[in-house]
Amino acid sequence: MKQILVISGKGGTGKTVLTGALAALAPNKVMADCDVDAANLYLLLNPSIREKHPFQSGASAVIDPALCSRCGQCSAACRFDAVSRDFVVNPIACEGCGLCARVCPAGAVTMKENTAGDWFVSETRYGPFVHAKLGLAEENSGKLVAKVRETAGEIAESKAADYVIIDGPPGIGCPVIASLSGVDLAVIVTEPSLSAIHDAERVMDLAKHFEVPVKLVVNKWDINPAVTEDIQKLCDSRHVPLIGQIPFDRVVVESVLAGEPVTERADGSLKEEFIKIWEAVRS
Amino acid sequence: MIISVASGKGGTGKTTVAVNLALALGDCQLLDCDVEEPNAQVFLKADIRAREPATVRVPEIDYQKCDFCGKCRDVCAYHALAVLPGKVLFFPQMCHSCGACEMLCPRKAIRETDRTIGEIETGDREGIRFVQGKLNVGETMAPPLIRQVKSRIEPNSVAILDAPPGTSCPMVTAVRGSDFCILVTEPTPFGMNDLHLAIDTVKKLGIPYGVVVNRAEADDLKTRDYFKSNRIPLLLKIPLDRKIAELYSIGTPFIGPMPEYREKFRALFKTISETVKVSP
Amino acid sequence: MKIAITSEGRTLDSAVDPRFGRCGYFLIIDTDTDKVEALQNPGTQQTGGAGIQAGQLMASKGVEVVLTGNMGPNAFQVIQSAGIKVVTGVSGKISEALRAYKDGKLSPAENPSVGSKSGMS
């Protein structure tokens with residue numbers, strides 16, 4: 001079983017469009033959306049939710065005003081500026097370290113377990129799909145991402161699937177690292193702009209750090225062919241295979257509006273390009 | 001006044017809006033809080049005057065005093081410490097720098113030292129004072145670095161914050177404390193889906209907000225009606241324009257070659273100032 | 001000598017649990033007395049640091065060898081610092097794994113076998 005992750009560094013370069021296409025083209029697979037913060041893949045896969053599970057993670061401090069003597073030891077100890085002047089904990093700022101509860105001489109602070117979001121196992125016409133929704137303003141520590149990946153891996157094993165196709169989050173922090181560590185291949189999607197290249201390079205460095213092989217796809221390559229050439233040179237110098245160049249095409253926009261993978265709507269050379277990318281991903 | 005520029009979905013044009021707004025205003029601060037992938041400098045091209053390491057506080061064990069009682073391990077909510085006979089192991093990627101181990105060690109055998117997680121650069125261009133945070137590749141925790149970038153906010157001036165995408169801790173850390181939040185979206189199903197999440201988040205934080213629609217279609221009445229019926233304040237529409245896309249791809253802020261937008265961004269700022277004045 | 005094997009159940013007939021930090025049980029076998037202790041893993045539901053905790057548990061139990069499927073880098077660091085040997089890639093029944101180790105067919109790992117957080121479930 002091979003795990004294939006689609007990432008980009010910069011957001012909005014076309015991760016989810018490519019993941020949707022790979023999900024439609026790959027045989028015998030399970031899909032996972034590891035962008036638990038702003039999940040979008042479900043908009044293309046039209047899932048029927050079969051299981052929903054709350055995700056418990058970390059804790060938040062709660063001060064009991066009846067016991068609180070307003071001595072201020074909690075707010076003095078808190079490094080996260082989470083205790084207000086009238087001794088109420090701001091759950092958005094609280095990182096759950098529990099130091100306030102330990103230093104409170106009145107025993108007025110308790111740590112309450114936190115529901116950080118939900119995760120789902122769904123059925124789609126392309127196969128099983130594991131996805132999640134992080135609660136608003138919650139910590140995206142990578143734990144929910146790890147949960148989604150692990151569940152997708154277990155389903156893939158039980159169904160003897162050949163591939164797990166993973167839509168990754170933007171950035172290079174916790175959730176990206178949790179998505180990246182241990183996958184068989186990372187497909188980086190970039191576009192011909194200086195900022196997208198800048199970000200793609202940082203993701204290449206990250207993948208190197210975790211010893212994950214990478215391949216690169218340029219989306220909307222014809223927006224600026226000169227910059228696309230620079231990307232080709234960058235790939236050559238870093239020995240990263242450039243496995244596809246997707247043109248700017250209304251059909252891509254229309255497929256997103258219709259809520260389906262682009263390969264369902266594309267034909268001719270556009271569809272050929274996605275098939276070529278899939279062949280390069282699997283080889 | 002602190003104005004943050006955020007979005008649920010990445011790549012909708014946060015940096016475009018933040019940089020062009022800063023250039024339209026001139027005398028202001030621009031702080032790039034997207035420390036995982038900072039991009040404002042690609043467009044602003046400020047002269048960088050200073051680089052400083054960004055650090056977090058982490059425990060260091062004094063083996064002269066430590067008796068391996070295990071208290072530090074027990075109080076660490078993040079399991080960043082392991083205590084074995086004769087040895088204390090520390091896992092820096094798991095540490096949140098809460099200070100519990102240092103404060104609660106019965107033998108005062110822990111002192112805190114600095115660990116570098118990234119870099120803060122400061123510079124300027126055309127009256128704009130620029131600050132950016134850059135997280136080192138392989139580091140996991142953006143929020144401490146974002147807080148350090150924000151500690152450079154000057155009082156009594158206009159500070160524009162380019163926030164990271166999403167609605168979780170990095171975005172919230174950047175946006176928290178703003179007087180106003182500009183949410184940038186694009187009129188696609190992905191963009192609108194994530195705009196809703198972002199609106200709910202800034203509402204939860206109690207921050208007044210307005211929306212800039214980027215890559216808007218000329219005749220897109222659907223978006224306009226939608227904003228109206230859902231009472232979402234629409235601040236500005238930037239059209240889907242090949243010229244803007246080309247300028248973006250080579251890292252040129254579009255208000256230079258398209259000066260009509262200078263006035264539009266100034267009007268946007270005026271609207272925001274008036275909203276902030278009347279907000280509690 | 002005490003050998004710990006990550007296990008899905010409480011007996012020597014159980015299957016080896018491929019996960020270390022999040023395994024169901026640790027079966028601790030004293031090869032001098034053939035006494036078997038089944039220890040429920042307190043870290044199965046933990047959201048982070050389960051491998052680090054499990055490593056310390058092994059050290060506190062005086063285990064000298066751990067047989068398991070996979071071990072991540074943090075747990076591996078704890079286990080190595082505690083001077084415990086690890087064999088990864090072990091599967092099948094607990095009794096078979098134990099026999100293979102006693103017969104010298106399993107050799108200790110030099111490196112962690114998987115990345116961080118692999119055993120989350």
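Reader: How many residue pairs are in polar contact between chain B and chain A?

Author: The model is predicted, and the count therefore takes in pairs with both residues at pLDDT 80 or more. A pair of N or O atoms must lie within 3.5 Å to qualify. Between chain B and chain A, the number of such residue pairs is 32.

Reader: Which element of chain B gives the most residues to the side that touches chain A?

Author: Several elements of chain B give two or more residues to this side, among them helix 2 (40-44), strand 7 (128-135) and helix 9 (242-249). Another of these elements spans 189-204. With 8 residues, the element that gives the most is helix 7 of chain B.

Reader: How do the residues on that side of chain B divide into nonpolar, polar and charged?

Author: In chain B, 57 residues are in contact with 58 residues of chain A. On the side of chain B that touches chain A, the division is 23 nonpolar, 17 polar and 17 charged.

Reader: What area do chain B and chain A bury between them, and what share of it is on carbon and sulfur atoms?

Author: Glu37(B), Val137(B) and Phe190(B) supply 15% of the area that chain B buries against chain A, more than any other three residues. For the two chains together, the buried area is about 4700 Å², and the share on carbon and sulfur atoms is 58%.

Reader: Which residue of chain A forms a salt bridge with Arg147(B)?

Author: The count of salt bridges between chain B and chain A is 4. In the one formed by Arg147(B), the closest N and O atoms are 3.6 Å apart, inside the 4 Å cut-off. The partner of Arg147(B) is Glu95(A).

Key: Residues are numbered from 1 along each chain as its sequence is written. Chains are lettered from A and ligands numbered from 1 in the order in which they are written. This is a predicted model: local features need pLDDT of at least 70, side-chain atom pairs count only at pLDDT 80 or more; totals for chains, interfaces and linings use all residues. Side-chain values use heavy atoms; hydrogens and water are left out. Contact means heavy atoms within 4.5 Å. Buried area is the accessible area (1.4 Å probe) that two parts lose on being put together, summed over both. A salt bridge is a side-chain nitrogen of Lys or Arg within 4 Å of a carboxyl oxygen of Asp or Glu. A polar contact is a pair of N or O atoms within 3.5 Å; within protein, one must be able to donate a hydrogen and the other to accept it, and residues adjacent in sequence count only if both atoms are side-chain atoms. Helices (H or I, at least four residues) and strands (E, at least two) are DSSP runs, numbered from the N terminus. Ala, Val, Leu, Ile, Met, Phe, Trp, Tyr, Cys and Pro count as nonpolar, Asp, Glu, Lys and Arg as charged, and the others, Gly among them, as polar.
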